[in-house]
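The following exercises are to be worked with the sequence and the three-dimensional structure at hand. Each task is followed by a solution in steps.

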Amino acid sequence: MNYSYEKEFFSHIVHQDYYSFLKRELKKYNQHGNTTIFKHSRNVAFYSYKVGKFFNNKFGSKIDLDILIQSAYMHDLFMYDWHEKSNLHRLHGYTHPKVAAKNASNYCNASKKMQKIIETHMWPLTITKIPKNKEAWILCLCDKHTAFWETIHRH
Ligand SMILES: [Fe+2]
Ligand SMILES: [Fe+2]
């Protein structure tokens with residue numbers, strides 16, 4: 001990957017007011033294997049960005065990379081350790097998209113569109129929450145792909 005590509009990716013997120021908050025919060029907990037939620041979210045964001053950019057360049061798809069990257073960084077902003085045994089955490093897979101969307105709105109001023117993208121990222125597990133636009137579909141698929149590789153490689 002060349003330098004300007006990486007620079008473009010980070011420019012969508014590092015200048016956001018809430019970035020240091022996100023970094024601090026998401027580093028507190030692990031997601032898959034030894035991957036912190038921060039690292040997982042960054043992986044999902046970067047992969048989503050690459051897919052979105054490919055479609056924009058190749059097909060002129062008009063995918064909003066800014067919204068896509070920001071939503072990806074916030075998609076698992078549930079702010080608890082889901083590995084801890086508790087009745088609430090048992091339903092984590094179903095409930096965390098809504099919790100993350102609410103936190104994204106409360107702490108990071110996420111727009112309605114971003115909240116919807118976050119809410120639908122666990123589809124088809126959350127059967128009625130179907131991704132409604134291109135950014136939501138990309139995030140939903142890239143999250144699954146990334147989680148699979150993180151679990152396999154345990155990094
Ligand atoms: Fe998630
Ligand atoms: Fe995720």
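Contact means heavy atoms within 4.5 Å. The model is predicted, so that local features need pLDDT of at least 70 and side-chain atom pairs count only at pLDDT 80 or more, while totals for chains, interfaces and linings use all residues. Residues are numbered from 1 along each chain as its sequence is written, chains are lettered from A and ligands numbered from 1 in the order in which they are written, and side-chain values use heavy atoms, with hydrogens and water left out.

**Exercise 1. Packing of a helix**

Identify the buried residues of α7 and state which elements they pack against.

Solution. 
Step 1. Helices (H or I, at least four residues) and strands (E, at least two) are DSSP runs, numbered from the N terminus. Buried means under 20% relative accessible area, exposed over 50%, and partly exposed in between (1.4 Å probe, protein chains only).
Step 2. In α7 the buried residues are Met114, Gln115, Ile117, Ile118 and Glu119.
Step 3. These buried residues pack against α4, α6 and α8.

**Exercise 2. The iron sites**

Solution. 
Step 1. Donors are N, O and S atoms within 2.8 Å of the metal (3.2 Å for Na, K and Ca); water is not among the atoms, so sites may look incomplete.
Step 2. His96 belongs to helix α6 (residues 92-108) and His121 to the loop between α7 (112-119) and α8 (134-153), so the pair ties together parts 25 residues apart in sequence. Both His96 and His121 are buried.
Step 3. Asp76 bridges the iron ion (ligand 2) and the iron ion (ligand 1), which lie 3.5 Å apart. Asp76, in the loop between α4 (65-74) and α5 (87-90), and Asp143, in helix α8, link distant parts of the chain, 67 residues apart. Asp76 is buried, at 2% relative accessible area, and Asp143 is likewise buried, at 6%.

**Exercise 3. The nonpolar core and its aromatic residues**

State how many residues the largest nonpolar core has, and classify the pair of rings of Phe9 and Phe46.

Solution. 
Step 1. A nonpolar core is a set of buried Ala, Val, Leu, Ile, Met, Phe, Trp, Tyr and Cys residues joined through side-chain atoms within 4.5 Å. The largest has 37 residues, and those with the most contacts inside it include Phe9, Ile69 and Tyr73. Helix α4 gives the most to this core, with seven residues.
Step 2. Rings of Phe, Tyr and Trp (its six-membered ring) pair if their centres lie within 6.5 Å; planes under 30 degrees apart count as stacked, over 60 as edge-to-face and the rest as tilted. There are 17 aromatic pairs in the structure.
Step 3. The ring centres of Phe9 and Phe46 are 4.8 Å apart and the planes stand at 80°, so the pair is edge-to-face. Phe9 lies in helix α1 (residues 3-11) and Phe46 in helix α3, so parts 37 residues apart in sequence are tied together. Phe9 is buried at 1% relative accessibility, and Phe46 is buried at 17%.
Step 4. Both rings belong to one aromatic cluster formed by Tyr5, Phe9, Phe10, Tyr19, Phe38, Phe46, Tyr49 and Tyr73.

**Exercise 4. Salt bridges**

Solution. 
Step 1. A salt bridge is a side-chain nitrogen of Lys or Arg within 4 Å of a carboxyl oxygen of Asp or Glu. The structure holds five salt bridges.
Step 2. Glu8 and Lys53 meet at 3.0 Å, N to O. Glu8 is partly exposed, at 28%, whereas Lys53 is buried, at 17%.
Step 3. Between Lys113 and Glu135, the closest N and O atoms are 3.6 Å apart. Lys113 is partly exposed, at 34%, whereas Glu135 is buried, at 5%.
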